[in-house]
Structure formats: C-alpha cells, structure tokens
Amino acid sequence: MIKPLADRIVIKVIEDTEQTSGGIFIPDSAKEKPQKGEIVAIGLGKMNDKGEREPLDVKVGDIVLYAKYAGTDIKMDGVEYKILSVKDALAVIE
C-alpha cells in the first residue's frame, strides 16, 4: 500500500453511477471527473515552526469531496487512487 508523506492523503476514487435516474446510460466521454473518494491512508502531518506535527482534520475511512483537478492520479491493482494534500480536501461527507 501507499504511505503518504507529511500532510498528504491517499483517496480511493468513488465513481458516480453510469446511469441516470431515468435509465439513460452516460458514456465515459460525457462524464465529469469524480470529486469524491474514501481516504485509505494519511500522512503524519505537516511540521510547524516549533518542530511539532500538526494533526490532520481527516481520518482513514472518511468520505471526502476534493478539488476537481487536485492531486496525482495513480492506479494500483486495477483500482484508481489519488494522492493529494489535505488542503485540497474540501469537505467530509457524513
């Protein structure tokens, strides 16, 4: 598994459904980039000026919305992940 550094998080991308509520299938070319994912790993936190680690506002298992073009996309074992800074996580979905 991937172990992020500092204030970075690893998100397993959650794809939206490929069919509308009316039953129409949406082709891949018409889909928007996903902006939702589950956190699967977090870094230890950023070091502040005092040399202490700042805790992150998220935890493993949280479902988050993130900025549309944020982070780096990677694929491992057929699963799509995204590595991004915690500041690019916009909200936690509860």
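User: Among contacts in the protein between residues at least 6 apart in sequence, what share joins residues at least 24 apart?

Analyst: Good place to start! This is a predicted model, where local features need pLDDT of at least 70, side-chain atom pairs count only at pLDDT 80 or more, and totals for chains, interfaces and linings use all residues. Residues are numbered from 1 along each chain as its sequence is written, and side-chain values use heavy atoms, with hydrogens and water left out. With contact meaning heavy atoms within 4.5 Å, the share joining residues at least 24 apart is 63%.

User: How many helices and strands does the protein have?

Analyst: Both are DSSP runs numbered from the N terminus: helices are H or I runs of at least four residues, and strands are E runs of at least two. From the N terminus on, the elements read β-β-β-β-β-β. The count is therefore 0 helices and 6 strands.

User: Which residue in strand 2 is the bridge partner of Val10?

Analyst: Strand 1 pairs with strand 2 (residues 36-42) in the antiparallel sense, over 5 bridges. In strand 2, the bridge partner of Val10 is Ala41.

User: And which residue in strand 3 is the bridge partner of Gly37?

Analyst: Strand 2 and strand 3 run antiparallel and are joined by 3 bridges. In strand 3, Gly37 has as its bridge partner Val64.

User: What percentage of the 94 residues in the protein is buried?

Analyst: Buried means under 20% relative accessible area, exposed means over 50%, and partly exposed lies in between, using a 1.4 Å probe and protein chains only. Of the 94 residues, the buried ones make up 27%.

User: Why does Lys82 count as buried?

Analyst: Lys82 lies in strand 5 (residues 79-85). A polar atom of the Lys82 side chain is 3.0 Å from the backbone oxygen of Ala70. Lys82 counts as buried because its relative accessibility is 3%.

User: Is Thr72 buried or partly exposed?

Analyst: Thr72 lies in strand 4. Leaving aside neighbours within four places in sequence, Thr72 is in contact with Tyr81, Lys82 and Ile83. Because its relative accessibility is 47%, Thr72 counts as partly exposed.

User: How far apart in space are Thr72 and Leu84, C-alpha to C-alpha?

Analyst: Leaving aside neighbours within four places in sequence, Leu84 is in contact with several residues, among them Ile9, Tyr66 and Ala89. Thr72 and Leu84 are 12 residues apart in sequence. In space, their C-alpha to C-alpha distance is 6.5 Å.

Technical notes
Polar contact = N/O pair within 3.5 Å; in protein donor to acceptor, adjacent residues only side chain to side chain. Pairing = 2+ DSSP bridges.
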